[in-house]
Amino acid sequence: MPYIKAEYIWLDGQAPTAALRSKTKIIEHEVRTIQDVDLWAFDGSSTQQAEGRSSDCILKPVRMVHDPLRGAPHLLVLCEVFHADGSVHVSNSRANLRDLATRYSDQECWFGIEQEYTLYKGQKPLGFPAEGFPAPQGPYYCGVGSEFIYGRELVEKHLESCLSAGLKVSGINAEVMPGQWEFQVGASGPLEVADELWLARWLLLRIAEDLGISVTLAPKPVLGDWNGAGAHTNFSTKAMRAHGGLKAIEEACERLKTKHQEHIAVYGAGNEERLTGKHETCPITEFRYGVSDRGASIRIPIFSAKNGCGYLEDRRPAANMDPYKVCAKLIETVCGEQRQPLLTQQYEQAVSL
Ligand code: ADP
Ligand code: MN
Ligand code: MN
Ligand code: MN
């Protein structure tokens, strides 16, 4: 029986933005399903997840994929964090999404997340000269040629690795600022998309290590006339995808309008530097939705408007957002039961009397 190197991956307790951690366990028995991967523990006092006196936190494997870097039979194992008594750790944002995904499974929510990120070499974004700044933005987005494109070797390795791990990555592109890129995960159900986004982020950081490049998900890595980095979250329910679903999309936008601040609160730290009203964003203090409007909070893609059904794009989430929190908030707001407005209730009572 060959041994398996299983890389246990989890989110730490740093606030406001959790970071990825991982360590390797050698497994000497056969692994067919995630149930065959054992619980494990780690020192929570080193990850801001426990005090030194009772420092053991529990890792519970929840999703596994082939490890594309170490090759077969090695595994990447994404975990949820629990206390030793089995209760959910406060850093475990997946637990809430798990509950919501189950509760509203009948609405068949799909998500597609566009992960933007910025590559750095030392203190500068990749492609920035040692002194000063590169030529202004314009030719870099989806560009080709060595005067416009920086980091393609890493980006290609990452795409290949995600695909061979079985992650549902739907595409990649060079972004508006030099050294800035995007990959898209989905469209998939809430837990699938969020788990796979965390695994894809882990692969990106790990591959970049070997190339001496660092990756930041900071929402606004370079101040001034340079694009920030977001994580546009495309979202649909069964009703939105069905014939005439545009009405459901508009209803969702109206619901989202009433919860703007609650959403912003979980859409990533430092997002106020990015959502300024410039660079294809809507100011953080405003909520607007519209067809094809890349300056809106929510864009209804042109094909959704034309077909009369499809999905919406929430453009507010920052690149450093936690997809467990963003997906949970969207499900809660769009799918959740809403209390009848008081006036309507009174009116209905009056009529039924
Ligand atoms: P943009 O034009 O904003 O750059 P992208 O092509 O980068 O858009 O990303 C669009 C994302 O939307 C993809 O991840 C895609 O899988 C996802 N998507 C497509 N259809 C749906 C749908 N019905 N529900 C949710 N997500 C969807
Ligand atoms: Mn995109
Ligand atoms: Mn983009
Ligand atoms: Mn987009």
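Buried means under 20% relative accessible area. The model is predicted, and the exercises below read from it.

**Exercise 1. Is Ile 113 buried or exposed, and which residues surround it?**

Step 1. Ile 113 lies in strand E6.

Step 2. Apply the cut-off. Ile 113 has 0% relative accessibility, so it counts as buried.

Step 3. List the contacts, setting aside neighbours within four places in sequence. Ile 113 then touches Phe 183, Gln 184, Val 185, Val 193, Leu 197, Ala 231, His 232, Thr 233, Met 321, Pro 323 and Cys 327.

Step 4. Compare sequence with space. Ile 113 and Asp 314 are 201 residues apart in sequence, yet their C-alpha atoms are 9.6 Å apart.

**Exercise 2. Which residues coordinate the manganese ion (ligand 4), and what spacing do the donors follow?**

Step 1. Write the spacing. Along the chain, the donors of the manganese ion (ligand 4) read E-x117-H-x80-E.

Step 2. Locate the two glutamates. Glu 114 sits in strand E6 (residues 110–121) and Glu 313 in strand E14 (residues 312–314). They are 199 residues apart, so the pair links distant parts of the chain.

Step 3. Check burial. Glu 114 and Glu 313 are both buried. For Glu 114 the relative accessible area is 14%, so it falls in the buried class.

**Exercise 3. Which residues coordinate the manganese ion (ligand 3), and are Glu 175 and Glu 182 buried or exposed?**

Step 1. Name the protein donors. They are Glu 116 (OE), Glu 175 (OE) and Glu 182 (OE), at 2.1 to 2.2 Å from the manganese ion (ligand 3).

Step 2. Write the spacing. The donors of the manganese ion (ligand 3) follow E-x58-E-x6-E.

Step 3. Apply the cut-off. Glu 175 has a relative accessible area of 8%, so it is buried. Glu 182, at 4%, is buried as well.

**Exercise 4. Which residues bridge the manganese ion (ligand 2) to the manganese ions (ligand 3) and (ligand 4)?**

Step 1. Start with the donors. Glu 114 (OE) and Glu 182 (OE) coordinate the manganese ion (ligand 2) at 2.2 to 2.3 Å.

Step 2. Glu 114 is in strand E6 and Glu 182 in strand E9 (residues 180–188), 68 residues apart.

Step 3. Take the first bridge. Glu 114 joins the manganese ion (ligand 4) to the manganese ion (ligand 2), and these ions lie 4.0 Å apart.

Step 4. Take the other bridge. Glu 182 coordinates both the manganese ion (ligand 2) and the manganese ion (ligand 3), which are 3.9 Å apart.

**Exercise 5. How do helix H1 and helix H8 cross, and which residues meet?**

Step 1. The axes of helix H1 (residues 94–103) and helix H8 (residues 323–335) come within 9 Å and cross at roughly 30°. The crossing is left-handed.

Step 2. Name the residues. From H1 come Arg 94, Asn 96, Leu 97 and Leu 100; from H8 come Tyr 324, Cys 327, Ala 328 and Ile 331.

Step 3. Sort by class. The contact holds six nonpolar residues, one polar and one charged.

**Exercise 6. Where is the pLDDT below 50?**

Step 1. Read the chain as a whole. The average pLDDT is 94, and 95% of the residues score at least 70.

Step 2. Find the stretch. Over residues 340–353 the pLDDT is below 50.

Step 3. Count its contacts. Beyond near neighbours in sequence, residues 340–353 have one contact in the model.

Conventions: Residues numbered from 1 in each chain as written. Chains lettered and ligands numbered in written order. Predicted model: local features only at pLDDT ≥ 70, side-chain atom pairs only at ≥ 80, totals over all residues. Heavy atoms only, no water. Donors = N, O, S within 2.8 Å, 3.2 Å for Na, K, Ca; no water. Helix = DSSP H or I, 4+ residues; strand = E, 2+ residues; numbered from the N terminus. Buried < 20%, exposed > 50% of the residue type's maximum accessible area, 1.4 Å probe, protein only. pLDDT = per-residue confidence, 0-100. Contact = heavy atoms within 4.5 Å. Axes fitted to C-alpha atoms, helices over the stretch in contact; angles between N-to-C directions. Left-handed = near helix turned anticlockwise from the far one by under 90°. Nonpolar A, V, L, I, M, F, W, Y, C, P; charged D, E, K, R; others polar.
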